[in-house]
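Here is a short briefing for anyone meeting this protein for the first time. Take a look at the structure, then read on.

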Amino acid sequence: MAKISIIGAGMTGATAAHWLAERELADLVLVDVVEGLPQGKALDLLEAMPIINKDSHVVGSNDYAATEGSDLIVITAGLARKPGMSREDLVNTNTDIVKKATDAALKHSPNAIFVILTNPLDSMCYVAMKAGGLPRQRVIGQAGILDSARMRAFVAMELGVSVENVACYVLGGHGDSMVPLTRHSNVAGVPLDKLLPADKLAAIVDRTRKGGGEIVALLKQGSAFYAPAAAIAQMAEAILKDKNLILPCSVYMQGEYGLTDIFFGVPAQLGIKGLVKVIEYELNAEEKATLERSAAEVRETTAALKL
Ligand code: TXD
């Protein structure tokens with residue numbers, strides 16, 4: 001059985017464990033700094049396995065020794081912004097957390113692939129890659145699957161079709177400047193702009209861009225976790241089953257889309273070694289300009305990192 005360790009047993013970490021346990025894909029380890037939290041959630045999840053007839057093994061620990069020999073390390077550890085905390089404070093704190101988590105996890109799993117969720121996502125991927133001295137194949141950030149899934153959900157609702165028929169592609173940084181590619185998105189092969197009037201399509205794009213904020217405003221505390229965690233499970237399955245599945249993920253740019261030295265959301269083919277390759281769409285001038293704006297934002301945050 002493969003082994004996945006999830007660092008950070010909060011809302012997204014524990015929910016990812018839940019989705020993963022249902023897939024019976026790997027043995028699971030939850031790690032957190034809070035005493036008892038990963039142990040309690042892991043035990044509760046383990047006790048659910050007889051009910052759903054799955055043999056996923058789940059343990060929780062405050063010690064990285066439990067992660068020994070993991071194939072995949074998922075980092076969700078981090079703090080959310082608290083009142084009085086600037087975005088910069090948050091970046092510095094999470095940089096420190098992600099750096100230490102990467103180091104500690106690597107000591108016990110020197111060959112693991114890293115999937116990052118902690119925000120600001122694209123910059124935290126950069127931190128993990130640099131801190132671990134990892135090749136780009138082994139650090140992949142989750143953002144695009146979630147953003148694309150939101151857009152798919154909104155299109156399916158608007159048109160009254162199955163989500164299975166809706167393919168949407170959202171590229172770019174994980175922020176309000178993300179780039180929903182409406183021209184490439186379609187329903188059963190029919191481009192979205194043939195199915196939806198321009199104003200409806202624009203409203204869907206806008207709601208997608210603000211999708212994270214919509215959930216935060218409703219929850220009042222914390223942020224989305226079901227969908228981000230489901231995205232982690234999909235990435236883990238693509239990697240561990242060596243599916244060569246193409247998913248929108250944040251990966252380190254080496255010239256693709258004219259971008260270098262930042263993590264950025266692009267269609268990425270995932271297999272057993274992590275990133276196989278980046279898929280490049282032909283973009284028109286307007287799409288290129290939107291992508292460049294998004295890249296500039298990511299570049300700015302990444303350049304300000306205290307590594
Ligand atoms: O799509 C995406 N990339 C995002 C990202 C979608 C949802 C959430 N996104 C970000 O993930 C969010 O902005 C945060 O930066 C992380 C985790 O979000 P989550 O909602 O899971 O936060 P929680 O519930 O606060 O959980 C974080 C846990 C919590 O239990 C802390 O005790 C733990 O992280 N934590 C640590 N664990 C291990 N090691 C260290 N150092 C540590 N510090 C905090």
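Valine 251 touches Ile140, Ile262, Phe263, Phe264, Val266, Ala268, Leu275 and Val278, leaving aside residues up to four places away in sequence; contact here means heavy atoms within 4.5 Å. The model is predicted, so to speak of local features pLDDT of at least 70 is needed, side-chain atom pairs count only at pLDDT 80 or more, and totals for chains, interfaces and linings use all residues. Residues are numbered from 1 along each chain as its sequence is written, and side-chain values use heavy atoms, without hydrogens and water.

**Nonpolar cores**
- The largest nonpolar core holds 52 residues, and Ile4, Val251, Phe264 and Leu270 have the most contacts inside it.
- Helix H9 (residues 226-240) gives this core its largest share, 9 residues.
- Domain 1 (2-141) and domain 2 (144-303) each supply at least three residues to this core; the domain bounds come from an automatic or database domain assignment.
- Another core lies apart from it, with 29 residues, including Val29, Phe114, Leu121 and Tyr252.
- A nonpolar core is a set of buried Ala, Val, Leu, Ile, Met, Phe, Trp, Tyr and Cys residues joined through side-chain atoms within 4.5 Å.
- Buried means under 20% relative accessible area, with a 1.4 Å probe and protein chains only.

**The whole protein**
- The protein has 10 helices and 14 strands, which are DSSP runs (helices H or I, at least four residues; strands E, at least two) numbered from the N terminus.
- Of its 307 residues, 49% count as buried.
- Along its principal axes, the C-alpha trace spans about 55 × 45 × 40 Å.

Definitions and conventions. Buried means under 20% relative accessible area, exposed over 50%, partly exposed in between (1.4 Å probe, protein chains only).
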